[in-house]
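Notebook open, sequence and coordinates to hand. I want to look up a handful of residues, a helix and a pocket.

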Amino acid sequence: MKITVVGTGYVGLVSGACLADVGNDVLCLDVDPAKIRILEGGGIPIHEPGLLEIVRRNVEAGRLFFTTDVEQAARHGTMQFIAVGTPPDEDGSADLKYVVAAARNIGRHMDGYRVVVNKSTVPVGTGDRVREAIVAELAAREADFPFSVVSNPEFLKEGAAVDDFMRPDRIIVGADDERAIDLMRELYGPFQRNREKMLVMDVRSAELTKYAANAMLATRISFMNELANLAETLGADIELVRQGIGSDPRIGWHFLYPGCGYGGSCFPKDVKALINTGDERGQDLLILNAVEAANEAQKLRLVDKVVARFGEDLSDCHFGLWGLAFKPNTDDMRDAPSRVIVAELLRRGATVAAYDPVAMGEARRIFGDEPRLAYAERPMDVLEGADALIIVTEWKEFRSPDFIQIRQMLRHAVVFDGRNMYEPSVMARVGLEYHGIGRR
Ligand SMILES: NC(=O)c1ccc[n+]([C@@H]2O[C@H](COP(=O)([O-])OP(=O)(O)OC[C@H]3O[C@@H](n4cnc5c(N)ncnc54)[C@H](O)[C@@H]3O)[C@@H](O)[C@H]2O)c1
């Protein structure tokens with residue numbers, strides 16, 4: 001099939017590459033010429049395990065192409081995937097300007113039947129706005145090509161995006177015409193060979209399904225964080241509680257890890273956007289308001305612990321920090337807890353030396369040339385002269401460090417662990433003062 005993917009970010013590039021990998025002819029469009037230059041030069045503009053190999057393989061096979069030419073893109077694919085960003089607007093609602101611009105470009109240049117597939121996470125009703133934008137552009141040039149609008153929300157996880165796309169749990173398709181549904185079935189055939197995974201529903205339900213999924217997962221995290229904080233005051237150990245409830249099949253293990261808050265490009269903005277949708281409909285989403293407030297507070301939890309240990313004024317303190325990405329295996333720092341934690345430490349006068357395996361370039365872009373924030377090439381280097389170690393992202397390489405060396409290098413032998421990576425008993429044995437989240 002001939003496919004155009006509009007937007008070559010985490011979702012668009014993964015989708016485009018994986019769709020090419022099963023034999024389709026895919027053209028990826030982006031308005032950012034710098035991204036297209038990197039792709040045309042044989043690289044990829046993001047860190048995503050396994051993606052570079054797939055991109056290279058399909059470029060070499062002549063199935064995957066990149067462009068900044070909107071006309072060429074609109075004319076290429078019968079299937080036009082929209083995978084552009086939907087960042088939060090000032091009021092928390094999803095900003096649809098990129099989605100509408102992408103739809104307009106399609107309407108302006110399409111020259112035959114198109115299925116416009118919305119993969120971006122968008123509020124209920126966006127399918128109608130996409131349709132209106134295309135109708136308006138077609139009318140402006142007195143053209144009359146048929147088209148269908150489909151909602152096909154994406155559930156991939158950064159860090160495991162290729163595998164998630166190749167082996168999806170389910171494929172949600174919101175559509176109301178048979179022609180488009182048949183084409184979507186054909187398109188996704190290669191990804192559901194062992195069992196039927198496609199759930200067809202109306203567009204609005206599909207749009208809401210994506211928000212419902214992220215809101216549920218965010219709720220589980222905030223719930224556990226709140227209980228972790230309570231466990232601390234009760235002398236209970238949240239890790240034991242987690243195992244005690246996770247083993248109940250009605251509850252399950254996923255998204256129950258307490259920590260220093262959720263971040264990333266999806267949960268924070270999608271929770272906010274859903275709250276906003278509720279507000280627009282005169283419905284106060286009580287649970288999600290609490291989920292959001294609990295998460296904002298949780299991002300400061302580690303700093304609160306640092307302040308309780310070292311005092312309000314941290315101007316004499318220097319901290320080593322492990323992990324800047326919002327989660328392991330990605331360089332994404334959008335809404336990452338590390339941003340709040342580093343900013344708050346700096347605000348209180350501290351200096352920080354940080355290490356992250358892949359996100360330091362992104363951190364440099366975000367924090368600029370902040371003189372009190374340094375970066376180290378190796379994890380142990382951040383301990384040089386540091387009063388304490390603060391762990392914000394649970395990268396695999398932090399799982400089993402040399403604790404004795406940590407103790408010897410730190411001035412105060414204190415570890416603040418925002419991801420509960422270590423056993424308090426082990427830390428006590430090696431002589432490290434350990435502050436986890438909800439641990440006894
Ligand atoms: N990142 C994730 O893990 C994830 C998972 C599921 C769903 N989503 C959703 O998918 C959407 C995209 O997310 P992302 O993380 O890939 O975003 P991103 O910011 O990484 O990429 C978006 C890309 O779209 C490009 N773009 C913007 N307007 C354009 C236009 N008119 N024409 C062509 N390109 C244009 C931008 O330059 C950018 O490269 C969002 O709605 C997001 O909520 C993201």
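This is a predicted model: local features need pLDDT of at least 70, side-chain atom pairs count only at pLDDT 80 or more; totals for chains, interfaces and linings use all residues.

I started with histidine 109, which is buried because its relative accessible area is 15% (buried is under 20% relative accessible area, exposed over 50%, partly exposed in between, with a 1.4 Å probe and protein chains only). I placed histidine 109 in helix α5, residues 97-109 (helices are DSSP runs of H or I with at least four residues, strands are runs of E with at least two, both numbered from the N terminus). Leaving out neighbours within four places in sequence, I found histidine 109 in contact with Val70, Glu71, Ala74, Arg75 and Arg141 (contact means heavy atoms within 4.5 Å).

Residues are numbered from 1 along each chain as its sequence is written, and side-chain values use heavy atoms, with hydrogens and water left out.

**Entry: glutamate 158**

I looked up glutamate 158 next, in the loop between β6 and α7 (161-166). Its relative accessible area is 10%, so glutamate 158 is buried. Its contacts, not counting residues up to four places away in sequence, are Tyr10, Glu48, Ser265, Phe326, Lys327, Thr330, Asp332 and Arg334. With threonine 330 there is also a side-chain to side-chain polar contact of 3.2 Å (a polar contact is a pair of N or O atoms within 3.5 Å; within protein, one must be able to donate a hydrogen and the other to accept it, and residues adjacent in sequence count only if both atoms are side-chain atoms). I also checked lysine 97: its C-alpha is 24 Å from that of glutamate 158, and the two are 61 residues apart along the chain.

**Entry: arginine 63**

Arginine 63 sits in the loop between α3 (51-60) and β3 (64-67). Beyond four places in sequence, arginine 63 touches Ala20, Asp21, Gly23, Asn24, Asp25, Val26 and Asn58. A polar atom of the arginine 63 side chain lies 2.9 Å from the backbone oxygen of alanine 20. For asparagine 24, 39 residues apart from arginine 63 along the chain, I got a C-alpha separation of 6.5 Å.

Isoleucine 44 is in the loop between α2 (33-40) and α3. It is buried, with a relative accessible area of 18%. Setting aside neighbours within four places in sequence, isoleucine 44 is in contact with Leu13, Ile38, Leu39, Leu51, Leu52 and Val55.

Lysine 299 is also a loop residue, between α12 (286-298) and α13. Why do I log lysine 299 as buried? Because its relative accessibility is 3%. Its contacts beyond four places in sequence are Cys260, Tyr262, Asp335, Pro337, Val340 and Ile341.

**Entry: helix α14**

In α14 (residues 337-347) I listed Pro337, Ser338, Ile341, Val342, Glu344, Leu345 and Leu346 as buried. These buried residues pack against α13 (301-310), β9 (318-322), β10 (351-355), α15 (360-367), β11 (373-375) and β12 (388-391). After α14 comes glycine 349, with a positive phi near 100 degrees.

**Entry: positive phi outside glycine**

I noted glutamate 142, with phi near 50 degrees, in the loop between α6 and β6 (147-151). Glutamate 142 counts as exposed because its relative accessibility is 75%. Alanine 413 has phi near 55 degrees and lies in the loop between α16 (403-409) and β13 (414-417). At 14% relative accessibility, alanine 413 counts as buried.

**Entry: second largest pocket**

I read off about 460 Å³ of space for the second largest pocket. Of its 21 lining residues, the closest to the centre are Pro123, Val124, Thr277, Glu280 and Arg281. (On a 1 Å grid over the protein atoms alone, a pocket is an open set of points where a 1.4 Å probe fits, with protein on both sides within 12 Å along at least five of seven lines; lining residues have an atom within 4 Å of a point.) α11 gives the most to this lining, with 6 residues.

Terms used. Grid points are joined across faces, edges and corners, and a volume is the space filled by probe spheres set on the points.
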